Amino acid sequence: MKIIKAEILFYNTNVKSKFPLPSYLNQNNVFIKLTSNNGYIGYGEPSPYWKNNKKLINILKKILTQIKNINILKSQHFINKLLSSHSLYSNSAEFSMSIAAITQALIDILAKHNNLPLYKF
């Protein structure tokens, strides 16, 4: 089982209220979507309401170009390789959030592959 497609998605929350709300509630949230060769789709979210989306998106793009054709059942090796890399972004919050989102999406695919709800996987 391999990753054949990796995408960055955006969702605008547009929270509406009769009362004043903090500005961070009305912005684009970033998600990733990973698709496996057998049709399973996994979603991950770096962090809701993160203010520095530009840096986050650049890091996600860099990582997602490397994830295609990764064997999902052996993805921990890929994650460990990313964590041990000494890249420009490896000590940033955005890098940590990117790894978390990718891990979420991979676990989502594995749970679906095993026909289990995510909370039981």
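I looked up burial: 38% of the 121 residues in the protein are buried (under 20% relative accessible area with a 1.4 Å probe, protein chains only). The model is predicted, so I note that local features need pLDDT of at least 70 and side-chain atom pairs pLDDT 80 or more, while totals for chains, interfaces and linings use all residues. Residues are numbered from 1 along each chain as its sequence is written, and side-chain values use heavy atoms, with hydrogens and water left out.

I read the pattern along the sequence as β-β-β-α-α-α, with three helices and three strands (DSSP runs, H or I of at least four residues for helices, E of at least two for strands).

I then took α2 (residues 75-84) and α3 (residues 93-113): their axes come within 11 Å and cross at roughly 180° (lines fitted to C-alpha atoms over the stretch in contact, angles from 0 to 180 degrees between N-to-C directions). The two helices are therefore roughly antiparallel (over 145 degrees). Ser75, Ile79, Leu82 and Leu83 of α2 meet Phe95, Ile99, Ile102, Thr103 and Leu106 of α3 (contact is heavy atoms within 4.5 Å).

I checked the length of α3: its 21 residues reach 30 Å from first C-alpha to last, close to the 30 Å expected at 1.5 Å a residue (1.5 Å times one less than the number of residues). Just after α3, asparagine 115 has a positive phi of about 55°.

Notes
Angles under 35 degrees count as roughly parallel, over 145 as roughly antiparallel, 65 to 115 as roughly perpendicular and the rest as oblique. Buried means under 20% relative accessible area, exposed over 50%, partly exposed in between (1.4 Å probe, protein chains only).
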